[in-house]
Amino acid sequence: MNRNQIAMEYTTLANGLKVVVVPDASAPVVTVGVYYKIGFRLEPRGRSGFAHLFEHMMFQGSANAPKMQHIKLINSSGGLLNGSTHYDVTNYYEAMPSNALERVLWLEADRMRALKVDDENLRNQRDVVKEEVRVNVMNQPYGGFPWLDLPPVAFRNWANAHNFYGDFADLDAADLADVQAFFKTYYVPNNAVLLVLGDVKADEGVALAQKYFSDIPAGAPPPFADPREPEQKEERRGEVEEKFGTLPAMAIGYTVPERRTTDWCAMALLDQALHGGRAGRMYRELVLEKQMAVEADGGIGDIFGYNGPTQMVTRILHKPEYSAEKTLAAFDAVIREIQEQGISEDELNQLKVKWRSDYYSTLEGGRGGMPRYGLMHLLACFTLFDNEPQLVNSILDGFLAVKRDEIQAVARKYLRPANRAVVFRAPAKANVKEAA
Amino acid sequence: MMATRTAQWLTEAPALSSERPVTWPKRTKTRLANGLEVILAESHAIPKFHGQLSFRSGNAAVVDRGPGLAEMTATVARTGTKLRVSRQIEEDLRRIGADLSSSSGADTTGIGFAGLSELAEPLLGLVNELAREAAFPEPEFERERRQKLEEVKLDRTQPSFLASERLRKVLFGTHPYAIVAPTESQVVAYKRSDLTQVYQEFYTPENALLVMVGDFDTAVMMKSVEKTFSAWAGKRPAIKTTPEPAQPKGRRVYLVHVPGAVQTQILAGCHAITRKHPDWVKIGLTNSLYGGAFNSRLVMNIREDKGYTYSPRSGVHALRQYGYFSVSAAVRNEVVAASLTEMFYELDKLRSLPVPEPELADARNYLSGVFSMSLATQDGLLSQLATVALNDLPDDYLETYREKVRALAAADLLATARKYFDSANMQIVVVGDRAQIEDQAKLFGDLEVYDAQGQNLT
């Protein structure tokens, strides 16, 4: 078995900024990321959606690179850039020909040091974010389903349960003082990791990180809300109306074991058994065999990228001639079978080969035309959550060591009604009539 | 020597250092005796490989027998062979850590696959089996057809689908490119024998291209390819003549009414060119200045300045016989007219004034750099190699692309914009709630109104 080991340099600057450099000269391009340990979960109450709105503000200008300059400097260097907000981290990343590396590091350092934005920028990006929410959620069939629909049903702690894209009233209430306070609290070098991957030598990468970032002053350690959930005692259910779609839908989410435990590894393979595409038991039973559903897939999204309560989610769109209860019963039968029968040694071996193969693809995988996004993301999360980027080279071991009885055991322990939430998303009445 | 001391807080962006050349991967192109064209390129970043077996025929070639028939054929082809039932195929794929997809666009049908290098042979074997011995089991066909019926209904609830469906109808008229998806009754009319006929005609080695990129030794992989595919035989299908596309003149507006829509999807377009056209690189650069990059004029205007939209973009869509240019944005209902005004303003500006040299230099760098990045992953390189081969572009197309971009001058762009950004004849589609947007839409030309099912409501 070829095990794909990644060589890296990991260091921490005096101001607390963590730096990971992964040299790879196979192509004259380099990927840079800055990850801050702040996400949806930690945004202030009364300011739902703020972590994401703030992410937009980070492109609006810094002390020496006013509005438009960030985007212009990167694009005009032949590079691409973007950012994204997650539950526990927010990232900013660029990929470009390696001759632009210093320029990009300068930009990231400039905005880490001093965000410079005004009311006009905030009004502009608030409008942009509202159109983002409309195009992805409010004007889309099954928009936000289930990633926005499940958390308020599944969780009781506001950190885990609120609207991550933000209520429009909350977006409107956000002001420049909120922006600067958030920046000062969370966007400090000691709450971040810088990643440089690609066409750069390890010592050069570290030296450049020193050159551009080392005199940014450290801040106070940011406060972190406790994301723990009170114990769940019974199944939770909710309903959301589907405005445009023609098919009834449901999502079932089970809260997963704590990360980096034996149960978590077994749960990941159980997830593969249930949701691994057309070979997965959910798709096979509900779509191929019983033919009740049109879609039945899901899983633990971004399994390495969160650091608090999360769920394994199955998303089902089913044919209108089957009731929601009937469809849920068919789903339950799939769960029951694996709890009672477990899985065969042959199936376990298949799951492990596929998991390993998928893991390599995650490492190589690009995003929006940017190479090495996947590797960057894993390195960043392992650094911020575990202080151990080298986990990218060993994390696979735990999954490959899972045994048959452990899969059956986690199926029994975690796939219980009292550990799940179900959201039904039925088409609005008028809609059903029109489709008939 | 690299400076290791702490620099002062620099107030200006560092200059670019000199660019490193792209090292081209080891690459082989050959044709087997049965006509199968094979391209292999090595890329050793991960112990996997990506591949694509393409056939140079798609939905457009059989639209007279049934829209979407090639796609349906590709879908059912993976559900059973003479040797394996559907469940066996899916489990065998998982057993070798592989992913596989089969689909059909307007001009091309493809089996895409990716898997572990150590298990390349069994994956090639399965691809071969799907290409040559698909069994089209009746129950699988029936199930996929029912599935397709629901998908077709769902498509009609997607604003972006409704917009592109209408634009393609308007631009292409009676040409097969006018049809992007079947209707429900057309899906109901599919017969299993239609599928097997498409399969026999399309899935032949003379009609095929196999591209693989990944962690393998080229000589060893070529032996596997020969061993697996050389016994295959079949002719290239005859190419039928197609009607000329429509040439719509004058701006017209097509409103697709979606009751309750809280936003309007705008899509406007006109005819342009294919990848084979000598102006292809020019239109690519002109497009990236207009709305093809984050830094482009359109994005800066209607997103970063005015906040009308999250997602403005423009693109040139090359089909094999014809290409078209389009610009799109999902905007709030109150600013449909304002957004269209800015879209046309930026188009007309590019048609009227030469692009200033610094902006042009930035755009050249952008296109050239993004191109380099697209070669840096296995599936990125695969897609570039396949595009070159399927469009019959010259073998040195990728190697010379960046030079061609760098050679373009402001006069080239002005001429390109005047020729292809045909603002006077743009066809405008708006998908949204009629009551909220009709008055704004009709300011831009004669208006036709349709519902999501395609019924004329004008």
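I began with strand β1 (residues 27-31) of chain B and strand β2 (residues 37-42) of chain B, which pair in the antiparallel sense over five bridges; strands are DSSP runs of E with at least two residues, helices are runs of H or I with at least four, and both are numbered from the N terminus, while two strands pair if DSSP finds at least two bridges between them. Looking for the partner of B:K29 in β2(B), I found B:I39. Five residues lie between the strands of this hairpin, and B:G35 takes a positive phi near 100 degrees there.

**Model and numbering.** I note that this is a predicted model, in which local features need pLDDT of at least 70 and side-chain atom pairs count only at pLDDT 80 or more, whereas totals for chains, interfaces and linings use all residues. Residues are numbered from 1 along each chain as its sequence is written, and chains are lettered from A and ligands numbered from 1 in the order in which they are written.

**Sheet in chain B.** I then traced an open sheet of six strands with mixed pairing, in the order β9-β10-β8-β11-β7-β12 (chain B). Its edge strands are β9 (313-318) and β12 (446-451) of chain B, each pairing on one side only. Neighbouring strands are turned by 20 degrees against each other on average, direction ignored; axes are lines fitted to C-alpha atoms, for helices over the stretch in contact, and angles run from 0 to 180 degrees between N-to-C directions. Strand β7 (residues 252-257) of chain B pairs with β12(B) in the parallel sense over six bridges, and B:L255 has B:V449 as its bridge partner in β12(B). Helix α9 (residues 280-292) of chain B packs on the sheet, where it touches β9 and β10 (323-331) of chain B, and its direction makes about 155 degrees with that of β9(B); residues are in contact if their C-beta atoms, placed from the backbone, lie within 7 Å.

**Helix pair in chain B.** I looked up helix α3 (residues 120-132) of chain B and helix α8 (residues 218-229) of chain B, which pack at an angle of about 35 degrees with their axes 10 Å apart. On the α3(B) side I list B:A120, B:E121, B:L124, B:G125 and B:N128, which meet B:M221, B:S224, B:T228 and B:F229 in α8(B).

**Domains of chain A.** Last, I noted domain 1 (9-213) and domain 2 (236-435) of chain A, with bounds from an automatic or database domain assignment. Their centres, taken over C-alpha atoms, are separated by 27 Å, and the contact takes 33 residues from domain 1 of chain A and 35 residues from domain 2 of chain A.

Notes: Contact = placed C-beta atoms within 7 Å.
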